[in-house]
There are 2 protein chains.
Amino acid sequence: MSGAAAPVLLAGEWRASGDPTGVFRAENPDSGEAFGTEFPISGEQDLETAIAAATAVADELAAADPARIAGFLERYADAIEANREALAELAQRETGLPVSPRFLGAEIPRTCGQLRLAAQAARNHSWTLPTIDTGNGLRSWLAPLGKPAFVLGPANFPFAFNAIAGSDFASALAARTPVIAKAHPGHPGTSRELARLAHAALLAAGLPAASVQMLYQLPPALGLRIAGDPRLGAVAFTGSRAAGQALKAAADAAGVLFHGELSSVNPVLMLPGALADRAEALAGELLASCLLGAGQFCTNPGLVLLPEGAPADAFVDAARRGFADAPEGLLLSRGGQQHLRAAVDALVAAGATVLAGGGDAGGAGFRCRPTLLTVEGDRFLANAAALQREAFGPVSLLVRARDPAQMEAILRALEGQLTGTVYAADDGRDDALHDRLAPLLRARVGRLIANRMPTGVAVSAAMNHGGPWPSASHPGFTAVGMPGAIRRFAALHSYDHVADARLPAPLRDRNPGGIARQIDGRWTDADVGADA
Amino acid sequence: MSGAAAPVLLAGEWRASGDPTGVFRAENPDSGEAFGTEFPISGEQDLETAIAAATAVADELAAADPARIAGFLERYADAIEANREALAELAQRETGLPVSPRFLGAEIPRTCGQLRLAAQAARNHSWTLPTIDTGNGLRSWLAPLGKPAFVLGPANFPFAFNAIAGSDFASALAARTPVIAKAHPGHPGTSRELARLAHAALLAAGLPAASVQMLYQLPPALGLRIAGDPRLGAVAFTGSRAAGQALKAAADAAGVLFHGELSSVNPVLMLPGALADRAEALAGELLASCLLGAGQFCTNPGLVLLPEGAPADAFVDAARRGFADAPEGLLLSRGGQQHLRAAVDALVAAGATVLAGGGDAGGAGFRCRPTLLTVEGDRFLANAAALQREAFGPVSLLVRARDPAQMEAILRALEGQLTGTVYAADDGRDDALHDRLAPLLRARVGRLIANRMPTGVAVSAAMNHGGPWPSASHPGFTAVGMPGAIRRFAALHSYDHVADARLPAPLRDRNPGGIARQIDGRWTDADVGADA
């Protein structure tokens, strides 16, 4: 181990941080001990270098051949795959999440698949919605922003949402937008290895070397300053509501787009028929979903709405036993452990009762006890905002409603959420209640789920990993799923009576690539003027 | 004329303002005199009534049959058409714009056509981008926001952008979103008549009566308060940059979407070959475009970039003569006249020289002299922000560049703009310079136009009436053109393993309406599972 802090990836090369304001090391969640290389906390000079370098290549990258972009994304995916074991081991040490199945079986394949889907969308232009109006001489499509994106990654997915490898990264690059990544300080070594692979793939693809840059950490005030720098086109963020809202305010004031996925308790509505049919099984599903990644999923089922009655009692009893018997979880960081403790305390202070878990887990490292809480409907309604506080860990709050009218009132009191789930009986017994309640949930969530827990987030064109405020910054955009996520980094470009030869190739009369385009109101892959 | 102020349209009925903070009357731009009915300036009580009533019907409207929405929009268009002469005369008195060709020949037909295109998009679901992923059990589409939109209309289009009849209104209603309209105080009588027709059409269509409400005027502080009310889903605004940015800040802080079309000088780039071929004709085109609506168009060509040389001299000379000989223009309002005077003074203070016009027009009313200014490239570059100030009237600034490198520098100094135009010779002489300069313009504008002035804004699916910050609030959205403009009022709704019968009809397996949907990556109007 060298005495000097690790280099940052700036302006197309690995170099020492110009003006570090400090250093830090990764911490092993299992022991709580710091280990390995020192990483710099960058200062103003690094940031200025990064913004200037990204701005200088933004036009060139925007004009790059999409096939070259796709080639970069695919090379990068191949490189991650080729190095998956070493990456997974490193990430395991830094995050406490298991090498297998979590990294090798799920997150790394997902990350590579996501990069490849972004490559495919770059190649087939599906994110650009090409539109041709022959009568008015107008053509339009979604085009690159032409300014860099500042991407801040979260702690909980060192690959799939890493600022240097995840969905925001893949989306911005697919839109030919330079990325300034701020890795999460919880997994600096993993981020460094990923950045090495990304940098090499970028050079091999012949793209501008400053298209991808990475810093490890910033003082918060500097983070806000960069988010509000008008040279940026967009800020993309996944993390806590408080940090996200501060970044959003900075970006908003400068006319910089802000795309944030902020917080959610992902309400699960259990209808009486479903509970009567399979209370034990549903309790098991809830527990398994809450334990995934020690509950550190954006879509963790943090609130379960139940009707009073014997079927719910059986469910609650089974869930209580399950949570009480569940093994301790390992949290990602010391800060996460503190936040989780504070959140559970706040839920109790707001009127919730601990059914299982609660309190600190013993031992070294960032351990926590899976925790199940409950609250009566009246009390929930009296303090609905405080009782929707996200507890980022293996925690869920059961809300018991007196009757359907109170279930309705509770649903109306929900803030915007990423997901909402309804469990209903198969045989139609729950249908009337379903029809009454599901529309209220639908209006308040990005993804409505039937009869399964919300923790699975497929990388799909029909996914919405987003939702109404305050779960996300904009209800119309998703952070996951190609080509939708790419459109967050796009500017609408219209061409008015521009000669065919001067149009971008995908908007010309001839369509040799068979791109899907809307011509005079009809989707087709034909040439303009073809009888199809 | 009654002594009482005109009623407002609130909570489904015409009623007296609950707590007016004052009254105002329309002013005749020709004489400067106030005339006709007194209109109330609403206070807090009206606003609270409006927000509560719109919120109460938001779910019902979101769930309404799109055919009913389309029926409303079409009935309303029919009613405007049936009353076009009376409406045009009223608008003429309030705005000074001519009954014909402006209102009867252009703006009213455009407004009705726009409502009908919105109706068509509501019926065929084209704005919703239905997406089906059979492998992952996921389906998504764009759905109503589920919360009301607050729409603020501008002075300059009493029909096509009126808060109670224009593009924002039609877009929000097509997205089944209730509208609280704040009419522009420059044409309260026209807005009142339009609101009467809208209200009657709404009742005839059987939609919730509070889906459309209208106030005439608000104290600015109250306007900011409503824009920041978290019960709103969106604010849509067309107007000045200062007012728009203040509203945006209020909306942003509350997580309310803000869609603003703020300001633009719409740069026109004249290349040497085009100038050599047709200097006189181009000067005539510039003058005609600047005089349209007395230059009070969002897309008025307010900045013309010229290369030094004899062809440009001929153009400048012809333009100077044209502007000097042009008749006085009639501005929309006393405030507009003051703003225009201040803007021209500011351009001169920033280094521009008046070539023609300038100074006040004599006589009564809100008259102005068409004004042509010029500035050297060096001076422009030294003060680029101040020299891009929008002068809302028949005003254009000629910027003379020393050489292609300076043209490039000037283009790089441009802020985000709604439009950018390039005039080039037909025979290829300008091609090299075009290829060098056009990409710089392209990156800075929403709509790139070839060889025609920017004042025509077709209501087209391929239009972009929007652009990079600060010309508009979001570079990815357009304020004009269906179905794009409707998507500004949408939330992305994903359905995860939801049973077919519980999906919205357009997402079900069977597609009897032949809606265009993207199924497993391919656009088709077939059923799911059909071999097509």
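Two strands pair if DSSP finds at least two bridges between them. Helices (H or I, at least four residues) and strands (E, at least two) are DSSP runs, numbered from the N terminus.

**Entry: conventions.** I noted that this is a predicted model, in which local features need pLDDT of at least 70 and side-chain atom pairs count only at pLDDT 80 or more, while totals for chains, interfaces and linings use all residues. Residues are numbered from 1 along each chain as its sequence is written, and chains are lettered from A and ligands numbered from 1 in the order in which they are written.

**Entry: a hairpin in chain A.** I looked up strand E3 (residues 22-28) of chain A and found it joined to strand E4 (residues 33-41) of chain A by 6 bridges, running antiparallel. Opposite Glu27(A) I found Ala34(A) of E4(A). E3(A) and E4(A) form a hairpin with 4 residues between them. In the turn, Gly32(A) has a positive phi of about 80°.

**Entry: two helices in chain B.** I then took helix H2 (residues 66-82) and helix H6 (residues 188-205), both of chain B, whose axes come within 8 Å and cross at roughly 140°. The axes are lines fitted to C-alpha atoms over the stretch in contact, and angles run from 0 to 180 degrees between N-to-C directions. I listed the residues that make the contact, among them Phe72(B) and Tyr76(B) of H2(B) and Leu197(B) and Leu202(B) of H6(B). Contact here requires C-beta atoms, placed from the backbone, to lie within 7 Å. By class, I have 11 nonpolar, 1 polar and 2 charged residues in this contact. Ala, Val, Leu, Ile, Met, Phe, Trp, Tyr, Cys and Pro count as nonpolar, Asp, Glu, Lys and Arg as charged, and the others, Gly among them, as polar.

**Entry: where the chains meet.** I found 57 residues of chain B in contact with 57 residues of chain A. On the side of chain B that touches chain A, E21(B) gives the largest share, 7 residues. That side has 30 nonpolar, 18 polar and 9 charged residues. I also found 3 bridges joining strand E20 (residues 445-450) of chain A to E21(B), and these strands run parallel. Ile449(A) has Asp496(B) as its bridge partner.

**Entry: symmetry.** I laid chain B on chain A with an RMSD of 0.0 Å, by a turn of 180° and a shift of 0.0 Å along the axis. This is the relation of a two-fold axis. The superposition is by least squares on the C-alpha atoms of residues with pLDDT of at least 70 in both copies. 100% of the interface residues of chain B are also interface residues in chain A, so the copies meet through the same surface.

Conventions: Contact = placed C-beta atoms within 7 Å.
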